[in-house]
Amino acid sequence: MKIISSEYSVSAVREDQYPRDILPEIALAGRSNVGKSSLINSFLNRKNLARTSSQPGKTQTLNFYKVNNSFYLVDVPGYGYARVSKAQREQFGEMIQDYLETRGNLEGLIIIIDARHEPTVDDIAMYNYALLLDLPILVVATKMDKIKKSQYNKVFNNLRKHLDLDHDNVSVLTYSSESKLHLAELNKWIEDKIRL
């Protein structure tokens with residue numbers, strides 16, 4: 001799939017604010033500051049379409065990005081950020097849950113995990129929740145440019161140790177927004193799910 005066009009479409013906190021054109025959607029979830037925006041920008045070959053921030057917890061809405069006028073990437077609020085109030089965390093949780101459980105044109109979920117660390121309790125909870133949704137899941141271990149090649153196997157071992165990856169609808173990928181490691185594979189997974 002060649003990326004011809006991409007644009008920020010809308011930010012939403014409830015269903016009546018979602019796009020109305022019912023194009024296929026791929027959601028991206030991950031803890032705060034894991035690199036969701038960087039992945040979106042590198043996938044779309046845009047520098048600042050999705051805003052990156054050194055301050056975790058900046059994404060507080062569902063952000064829809066229209067790609068090739070044929071599908072959306074949906075950046076959901078990061079989870080596990082302690083400096084956000086408990087009430088806000090619960091609100092984010094309800095917003096994400098409502099979207100993931102009710103959006104009929106959601107075709108897949110990308111869960112982004114920092115390759116430098118073992119999956120967190122929140123990562124594991126998000127993954128297990130995603131399995132219950134019966135959506136195609138792509139687990140992406142990102143920031144691979146910060147990992148020595150001799151440590152690559154350790155990344156996969158950490159994922160397997162904490163996540164039950166033996167499901168037909170689960171795929172795993174290592175990725176770097178800097179070097180664009182496995183960009184083609186990410187592109188192919190998304191293309192397959194949106195059935196272009």
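**Charged side chains in a predicted model**

Lys-66 and Asp-21 form a salt bridge, with their closest N and O atoms 3.2 Å apart; a salt bridge is a side-chain nitrogen of Lys or Arg within 4 Å of a carboxyl oxygen of Asp or Glu. This pair links distant parts of the chain, 45 residues apart: Lys-66 is in strand β3 (residues 62–67), and Asp-21 is in the loop between β1 (6–12) and β2 (25–30). Helices (H or I, at least four residues) and strands (E, at least two) are DSSP runs, numbered from the N terminus. The structure is a predicted model, in which local features need pLDDT of at least 70 and side-chain atom pairs count only at pLDDT 80 or more, while totals for chains, interfaces and linings use all residues. Residues are numbered from 1 along each chain as its sequence is written, and side-chain values use heavy atoms, with hydrogens and water left out.

The two partners can also be described by their accessibility. Buried means under 20% relative accessible area, exposed means over 50%, and partly exposed lies in between (1.4 Å probe, protein chains only). Lys-66 counts as buried because its relative accessibility is 16%, whereas Asp-21, at 36%, counts as partly exposed.

A second pair consists of Glu-25 and Arg-103, whose salt bridge has its closest N and O atoms 2.8 Å apart.

Arg-14 is partly exposed, with a relative accessible area of 45%, and Asp-16 is partly exposed with a relative accessible area of 45%. Elsewhere, Arg-31, Asp-114 and Arg-116 are linked in a network of salt bridges. A search of the whole structure finds 10 salt bridges.

Other charged residues form a surface patch. Glu-15, Glu-94, Asp-98 and Glu-101 make up a negative surface patch; such patches are made of residues with over 30% relative accessible area and no salt bridge, like charges being joined within 9 Å and nonpolar side chains (Val, Leu, Ile, Met, Phe, Trp, Tyr) within 5 Å. Glu-94 belongs to helix α2 (residues 86–102) and is exposed, with a relative accessible area of 52%. Glu-101 is 9.8 Å from Leu-132, C-alpha to C-alpha, although 31 residues separate them in sequence. Leu-132 is in helix α3 (residues 121–133) and is exposed, at 73% relative accessible area.

Key:
Areas by Shrake-Rupley, 256 points an atom, 1.4 Å probe, with all protein chains shown as cover. Lys, Arg positive; Asp, Glu negative; His and termini not counted. Charge placed at Lys NZ, Arg CZ, Asp CG, Glu CD.
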